[in-house]
Amino acid sequence: MIYINLFFTFLKIGAFTFGGGYAMLPLIRASIIENNWMDDDQILNFIAVSESTPGPFAINVSTYVGMEAGGIFGSVLATLGVVLPSFIIILIVAKLYDKFKTNKYVQGAMSGLKPAVIGFIATAVLSTGITVFFPTGIKLEVMGTFAFITSVIIFVSMLILALKNVHPIIIIGISAAAGIAYGYLQPLIGW
């Protein structure tokens, strides 16, 4: 039963989410919580692992969740579920796009999807941020914690590096090193 549930859950996510992995995060999180496959802390860990490993984010996420919930076979089915809708849609679109790319309805649909994708990504950022920084509710004292200050420093540093066109792999490596340093320093400082 878990295998069928994993496959169809990720098939639904893959079929009804436009804009890639980050746009899928709200649906993935809701599905994971609804099915009791992981708690919020585990979800944050899988986001970090999925973002840090090579490959498309959506595939990494589905593989990781499938593995946690149903082992190797679960990871295969979750990955297949999330990839299958895109694969089929791309085959159809590639076949038909040249005929319809100047159609005003097709152009309108493409224009309408852009704000929706931005909204999905913003939702993912906000829900992840709230889970990380405000797990017990929004309180101002959180902004003075070591975790919050460290995260702001890392975010601003990575933003500066990105604006200076530093290669993304270097930024990911520095972010990972900063996260590891935080993990070791936070208990020592006790902040």
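Helices here are DSSP runs of H or I with at least four residues, numbered from the N terminus. Welcome to the tour: this is a predicted model, where local features need pLDDT of at least 70 and side-chain atom pairs count only at pLDDT 80 or more, while totals for chains, interfaces and linings use all residues. Residues are numbered from 1 along each chain as its sequence is written, and side-chain values use heavy atoms, with hydrogens and water left out.

**Stop one: α3 and α4**

Select residues 40-52, which form helix α3, and then residues 57-100, which form helix α4. The two pack at an angle of about 135°, with their axes 9 Å apart. Axes are lines fitted to C-alpha atoms, for helices over the stretch in contact, and angles run from 0 to 180 degrees between N-to-C directions. Angles under 35 degrees count as roughly parallel, over 145 as roughly antiparallel, 65 to 115 as roughly perpendicular and the rest as oblique; α3 and α4 are therefore oblique to each other.

Now show side chains. On the α3 side, pick Q42, F46, I47, V49, S50 and E51; they meet F57, N60, V61, Y64, V65 and E68 of α4, where contact means heavy atoms within 4.5 Å. By class, this contact has seven nonpolar, three polar and two charged residues. Ala, Val, Leu, Ile, Met, Phe, Trp, Tyr, Cys and Pro count as nonpolar, Asp, Glu, Lys and Arg as charged, and the others, Gly among them, as polar.

**Stop two: the largest pocket**

On a 1 Å grid over the protein atoms alone, a pocket is an open set of points with protein on both sides within 12 Å along at least five of seven lines, whereas a cavity is a set where a 1.4 Å probe fits but cannot get out; lining residues have an atom within 4 Å of a point.

Select I47, E51, T128, I154 and F155: of the 40 residues lining the largest pocket, these lie nearest its centre. The pocket has a volume of about 1800 Å³, a volume being the space filled by probe spheres set on the points, which are joined across faces, edges and corners. Which helix gives the largest share of the lining? Colour α5 to see it: this helix supplies 10 residues. By class, the pocket lining has 28 nonpolar, 10 polar and two charged residues.

**Last stop: the largest cavity**

Finally, select R29, D40, I43, L44, I47, S127, T128 and T131, which line the largest cavity. Its volume is about 40 Å³. The largest share of this lining, four residues, comes from α3.
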